[in-house]
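Good morning, colleagues. Please look at the model on the screen while I go through a selection of its features.

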Amino acid sequence: MMKKALECALILTRKHQLLGDKITLSTDYLKKIELKDKQAEINKQMILFLIEAQEFVEFIQLNKEYKLMYSELVNYYFNQIHHQINFYEIELDRLEFESKFSINIINNSTCFEKKNEINSVQEKLNSCYRLINL
């Protein structure tokens, strides 16, 4: 099952690369936008897949073939993972800023929601860091 998941991820990665090539070769502005949107969607799906696959990292590390496929995916999406890390860091800073300055204005339930939102973003950020530190 893991092999199929990693193979599908690699197929999507190849499609991502082909879309990049088509974007480079295209002279039609609207076509480029359409292709970039498709590429961005694959990008988003792949980062989510890599984050979810962390639950199975110990299993992946035991199998040389799985480890190579997983490493190829992480290496290919390395820059995108860093962009995601930057996004989560900015989001975390914003949420912490809002929670500090609105603590006197908002009620306890809203404060609790803010803390949950901060924790959620922090978990996502940690997941991205774990991805690049394997």
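Phe-59 is partly exposed, with a relative accessible area of 44%; by the convention used here, buried means under 20% relative accessible area, exposed over 50%, and partly exposed in between, computed with a 1.4 Å probe on protein chains only. This is a predicted model, in which local features need pLDDT of at least 70 and side-chain atom pairs count only at pLDDT 80 or more, while totals for chains, interfaces and linings use all residues. Residues are numbered from 1 along each chain as its sequence is written, and side-chain values use heavy atoms, with hydrogens and water left out.

How many aromatic pairs does the structure hold? There are three. In one of them, the ring centres of Phe-59 and Tyr-66 lie 5.7 Å apart and the planes meet at 50 degrees, so this pair is tilted. For reference, rings of Phe, Tyr and Trp (its six-membered ring) pair if their centres lie within 6.5 Å; planes under 30 degrees apart count as stacked, over 60 as edge-to-face and the rest as tilted. Tyr-66, at 13% relative accessibility, counts as buried.

Helices here are DSSP runs of H or I with at least four residues, numbered from the N terminus. Helix α4 covers residues 64-76, 13 residues in total, and reaches 18 Å from its first C-alpha to its last, close to the 18 Å expected at 1.5 Å a residue; the expected span is 1.5 Å times one less than the number of residues. Its buried residues are Tyr-66, Met-69, Tyr-70, Leu-73 and Val-74. They cover an arc of only 135 degrees around the axis, which puts them on the same side of α4; the arc is that of the directions from the helix axis to the C-beta atoms. On the other side of α4, Lys-64, Leu-68 and Asn-75 are exposed.

I turn now to the core. The largest nonpolar core has 32 residues, and among those with the most contacts inside it are Leu-50, Tyr-70 and Leu-73. Such a core is a set of buried Ala, Val, Leu, Ile, Met, Phe, Trp, Tyr and Cys residues joined through side-chain atoms within 4.5 Å. Helix α2 provides the largest share of this core, seven residues. Leaving aside residues up to four places away in sequence, Leu-50 touches Tyr-70, Leu-73, Val-74, Tyr-77, Ile-81 and Leu-131, where contact means heavy atoms within 4.5 Å.

Notes:
Helices (H or I, at least four residues) and strands (E, at least two) are DSSP runs, numbered from the N terminus.
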